[in-house]
Amino acid sequence: MKKLIRDYELIKNNYFTKKYPISLVHFVTNRCNARCSFCFIDFDNPNTFRNELTLEEIEKFSKTLGPSIQNINLTGGEPFARKDFTEICKIYLKNTNIRSLFITSNGSLPERINKFLEELAERNLDKKFIFSFSIDNIPSKHNKIRKIKNLFQDCLESYQIVNSTSENCFANISITVSLENYQDIDEIYYELLNRYNVKAITACLVRDEGVYKTPPEDKKKILEAYENLVNKIKKDTKNGILKGYKPSSIQGRMMNKKNEIMYQNIISTYLEPHFISQCFAGSLFGIISADGKVYPCEILKDSIGDLRKYDMNFLNLWQDHLAQKTRKWIKDTNCNCCYECAWSFNILGNMRYQKDLILAAIGKGK
């Protein structure tokens, strides 16, 4: 009965009231051992690395995330650069009812990742541990782009460690299409699939954020490469060559369909931004920065509050006047962008996409 009530409240929140977040991205650190040319972090600014939230502060605010939180996306910088990263995850698992941890990593620290999985994944079989590892080119070029020796090999090792752990662990390789690699997409995809036996690949489109700006004259060729990659992923997922999110499960089939819709929406709005459907940033989804500031998404630069000024009470901040004003502005202005994380929850929380998602879930989708 408790589960039925919880599911009912979750459905009501997702599709109607949208009072509480269902997913949050927590930038646990801005520290990173890579220096990618397209990164949005300003590594030249010393303030970038100050005032990270402590374990005690994370412990406190994690108890106030609301009843609908289902997923925490932990990222950076490189999240495993924090030696207490496992403890951060333990706090979220202890203090919330999340169903999954989604971890975005460059895969450079396989030993830490292996230890993390030994401590957490096999002891929390009712939770999903989803890793997205970044690979932008084949070995030497990838290492050059991200400026870490042997990164390609370490990242593949991390990918294999996750996928050989337990059934509740899943890893994909994410390719960010940018000026650094758009000419090599066919080769990158072929090598990952056929030489390195990667079975789950996703695509990201480099975006203007923070200190990084894409030269306008290069956007068209980047988009063409991204669309080429997306079409390959879509075709090979349908043919069973790529697994995507586990197609044997209802959730996996829904997530694969969600990605398909997301890719198409991003392609159609990258060069000529326009409104397609309501954005739920700041209602179903939000960002927590390394120093505790909360944002509706990564694209909007104005914070809706600082957790430290709200005594680490997340919901008090989330429901205060500035957050309400921001949500109204997002709705009234038909705010739109190509940010993948926001699109994911806009699709999952919007009734217009539910027919396609349900058909995919029951195995009837195209």
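Predicted model: local features only at pLDDT ≥ 70, side-chain atom pairs only at ≥ 80, totals over all residues.
Let's start with strand S1, residues 23-27, which is mostly covered: five of its five residues are buried.

Which strand does S1 run parallel to? That would be S2 (residues 71-75), and five bridges join the two. If you want a spot to look at, take His26, whose bridge partner in S2 is Leu74.

## The whole sheet

Zooming out, S1 and S2 belong to an open sheet of nine strands with mixed pairing, and the order is S6-S5-S4-S3-S2-S1-S7-S8-S9. What happens at the edges? S6 (201-205) and S9 sit there with a single partner strand each, so one side of each has no neighbour in the sheet.

Further along the order, S4 (residues 128-134) and S5 (residues 169-177) run parallel and are joined by six bridges. Ile130 pairs with Phe170 in S5.

## Helices on the sheet

Two helices are worth a look here. H6 lies across S4 and S5, and its direction is at about 150° to S5. H8 (residues 219-238) also packs on the sheet, where it touches S5 and S6 and makes about 160° with the direction of S6.

## Where H5 meets H6

H6 has a helix to pack against as well. In general, a pair of packed helices is described by the angle between the axes and the distance between them. For H5 (residues 139-146) and H6 (residues 151-163), the angle is about 100° and the axes are 7 Å apart. Angles of 65 to 115 degrees count as roughly perpendicular, and H5 and H6 are therefore roughly perpendicular to each other.

Which residues make the contact? On the H5 side they are Pro139, His142, Asn143 and Arg146, and on the H6 side Leu151, Phe152 and Gln153. By type, the contact of H5 with H6 has three nonpolar residues, three polar and one charged.

Most residues other than glycine have a negative phi. You'll find Asn150 in the loop between H5 and H6. Is Asn150 buried, exposed or partly exposed? Its relative accessibility is 39%, so Asn150 counts as partly exposed.

Asp311 is another residue to check, with a positive phi near 55° and, again, not a glycine. Asp311 belongs to the loop between S9 (305-306) and H10 (314-318). Asp311 counts as exposed because its relative accessibility is 53%, and the cut-off for exposed is over 50%.

## Salt bridges

How many salt bridges does the structure hold? There are 22. One of them links Asp84 and Arg82, with the closest N and O atoms 2.8 Å apart. Arg82 has 5% relative accessibility and so counts as buried.

Another brings together the side chains of Glu87 and Lys90, at 3.5 Å from N to O. Why are these two about one helical turn apart? Because they are three residues apart in H3 (residues 85-95). Glu87, at 35% relative accessibility, counts as partly exposed, and Lys90 counts as partly exposed at 30%.

At 17% relative accessibility, Asp184 counts as buried, whereas Lys141 is partly exposed with a relative accessible area of 37%.

Finally, some salt bridges share partners, and in this way Arg31, Glu52, Arg82 and Asp84 are joined into one network. Two of its members are the pair described above, Asp84 and Arg82.

Note on methods
Residues numbered from 1 in each chain as written. Heavy atoms only, no water. Axes fitted to C-alpha atoms, helices over the stretch in contact; angles between N-to-C directions. Helix = DSSP H or I, 4+ residues; strand = E, 2+ residues; numbered from the N terminus. Parallel < 35°, antiparallel > 145°, perpendicular 65-115°, else oblique. Contact = heavy atoms within 4.5 Å. Nonpolar A, V, L, I, M, F, W, Y, C, P; charged D, E, K, R; others polar. Buried < 20%, exposed > 50% of the residue type's maximum accessible area, 1.4 Å probe, protein only. Pairing = 2+ DSSP bridges. Salt bridge = Lys/Arg side-chain N within 4 Å of Asp/Glu carboxyl O.
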